Each structure stands twice: as structure tokens, then as C-alpha cells.
Amino acid sequence: MLEVRGLRSGYKRSTVLQGVDLDVPDGRVVGLLGRNGVGKTTLIHTLMGLVTPSAGSVHLDGADLTGRRPDVVARAGVALVPQGRRVWAPLTVTEHLALAARRGRGRGPWDVPRVIALLPRLGERLRHTAGQLSGGEQQMLAIARALLTNPRLVLMDEPSDGLAPAVVDLIGEAVAGMKAEGVTLVVVEQDLHLAFAVADEIAVMDKGRVVHRSPTLEFRSDSSVAAALLGVA
Ligand SMILES: Nc1ncnc2c1ncn2[C@@H]1O[C@H](COP(=O)(O)OP(=O)(O)OP(=O)(O)O)[C@@H](O)[C@H]1O
């Protein structure tokens, strides 16, 4: 269980997170929505230890991760699938998987055969370099890399970014597969179709806070909430 309380953080000239409260129970998928610039990426990066909080707390299964370094947070079981995938263009898929597997070895159920079973397209591209992959395949590689660390919690930042609808559906299937294996996820998304397809619950941020939380079915059934908080009909 992830428990975030009163989290404040930001950059030199601006405080972005103004006191974020967020609970993510084990095995649940929370879709994190919000207009551009409300602080979704800053929240994900603060949870991962890439941005240092000025106040508040982050606990995972009771362990205090507040302000810890990214490598410490990763070892505690948190993995980031960053926006823009951040794969290494010259390395092959096999090399990416081998490097990630080395870091996660022995800590849980995910190994290379298992992530390839979840993401079969990668199995057909093992000798390709990451730079030769399509955007969707790079996203799958970024997911595979995260899973191979055997995380308890995966933070995904706009996995649908720049992908065609049919490819977004494949990413949705991969997220569903992770969830079926018991992985807990926070998925930042602009694509409501994907967020609704994968999330058990929706959290909406505005001006550096989580201002709304409801089960996905409830959120979908009341379009006035989405209209007010996201500016969509
Ligand atoms: N590295 C940085 N240095 C300074 N300011 C930043 C930095 N990264 C983000 N910001 C600012 O922090 C605010 C929140 O940005 P953030 O990326 O967290 O929002 P977001 O909700 O993820 O937006 P989007 O949906 O557009 O990705 C914005 O005003 C942004 O300009």
C-alpha cells in the first residue's frame, strides 16, 4: 500500500505539489488524470525520488521513502516507466532485458521469459536495437524493464503518449496483464479511453493537489466531474 500525505515539492522557482494526499491499495490500478501542468509528472518524480519533497511523507508498505534517493526507492520496490520511454537507442532489446534482469534477480516472479509472454511483440524484436523499434515497442520495452526489477508498485507516465489507438490498446492489455499478476500501478494518462480501460479508480489532480477520487465506473457515469476538472465533455 502506497500512502502519500501532505506532499509538497517543486523546482527552484516554484512549488508545484501543494500537499498531495493519495492512497493506492495493493493490487489496485489508479488512473491519475488532470489538465496539463497540474503536477502529475512532478508527483510521479517525487515518489520516485527524482524531485525532493519539502514537506509531507511517502510510505510504501509502512517503509518511509520520503525524500530517499531514486536507487533506494527502486530497491524498496518502486519502478518508473517514464514519459518518452527513455530507452537506450544503441542497445538491443536483449541487452536492455539482460541489464534490467540483473538488477531484479531473485526478488520476485518476473524474469525475461515471463515479461516476453506478457509482451510478445518484444520477443519478435530481441535483436533489434531500441532505436529501431516503433514507439509502441519502445513503450513495451520500458514496461519490461520496469517489471524485471520485480516491483511492488509501478509508476507509468503517459504510456499512450504519441501512440496510435491500436497500439494504445496493446499497452492497455499489458497493463491489464500486470494487474492480473498483482502489480500495483499508478498510471498518469491524458487518454481517457486507456485510463478508463485499465484503472480501478480515478484520481484527479488540480493545482498541485489530488482534488477528486472515485471508482472508475462512478467517474465515467458522471460526466460533469470530468467536464469540471479536465475540461472535457
Ligand atoms: N524540471 C522542471 N523545472 C522547473 N519547472 C518544471 C520542471 N518540470 C515541470 N515544471 C513545471 O511544473 C509544473 C507542473 O509540471 P508537471 O510536468 O508536473 O505537470 P503535468 O501535470 O505532468 O503536466 P503534463 O500533463 O503537461 O505533462 C509546470 O508548471 C511545469 O512547467
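# Exercises on a predicted chain

Among contacts in the protein chain between residues at least 6 apart in sequence, 66% join residues at least 24 apart; two residues are in contact if their C-beta atoms, placed from the backbone, lie within 7 Å. This is a predicted model, in which local features need pLDDT of at least 70 and side-chain atom pairs count only at pLDDT 80 or more, while totals for chains, interfaces and linings use all residues. Residues are numbered from 1 along each chain as its sequence is written.

**Exercise 1.** State how the radius of gyration of the protein chain relates to that of a compact globule.

Solution. Step 1: the radius of gyration is taken over C-alpha atoms, and the globule rule is 2.2 Å times the number of residues to the power 0.38. Step 2: for 233 residues, the rule gives a value near 17 Å. Step 3: the protein chain has 17 Å, which agrees. The C-alpha atoms fill a box of roughly 45 × 40 × 35 Å along the principal axes.

**Exercise 2.** Describe helix 6 by its span and its burial.

Solution. Step 1: helices (H or I, at least four residues) and strands (E, at least two) are DSSP runs, numbered from the N terminus; the protein chain has 10 helices and 10 strands. Step 2: helix 6 covers residues 135-147, and its 13 residues reach 18 Å from the first C-alpha to the last. That is close to the 18 Å expected at 1.5 Å a residue, where the expected span is 1.5 Å times one less than the number of residues. Step 3: a residue is buried if 20 or more other C-beta atoms, placed from the backbone, lie within 10 Å of its own, exposed if 12 or fewer, and partly exposed in between. Across the protein chain, 42% of the 233 residues count as buried.

**Exercise 3.** Classify Ala 195 and Ala 227 as buried or exposed.

Solution. Step 1: Ala 195 sits in helix 8 (residues 192-198), and Ala 227 in helix 10 (residues 223-230). Step 2: Ala 195 has 23 C-beta neighbours inside 10 Å and so counts as buried. Step 3: Ala 227 has 11 such neighbours and so counts as exposed.

**Exercise 4.** Locate Asp 61 and Lys 207 and give their phi angles.

Solution. Step 1: Asp 61 is in the loop between strand 4 (53-60) and strand 5 (63-64), and its phi is positive, about 50°, although it is not a glycine. Step 2: Lys 207 lies in the loop between strand 9 (201-206) and strand 10 (209-215), with a positive phi near 45°. Step 3: Asp 61, with 14 C-beta neighbours inside 10 Å, counts as partly exposed; Lys 207 is partly exposed, with 13 other C-beta atoms within 10 Å.
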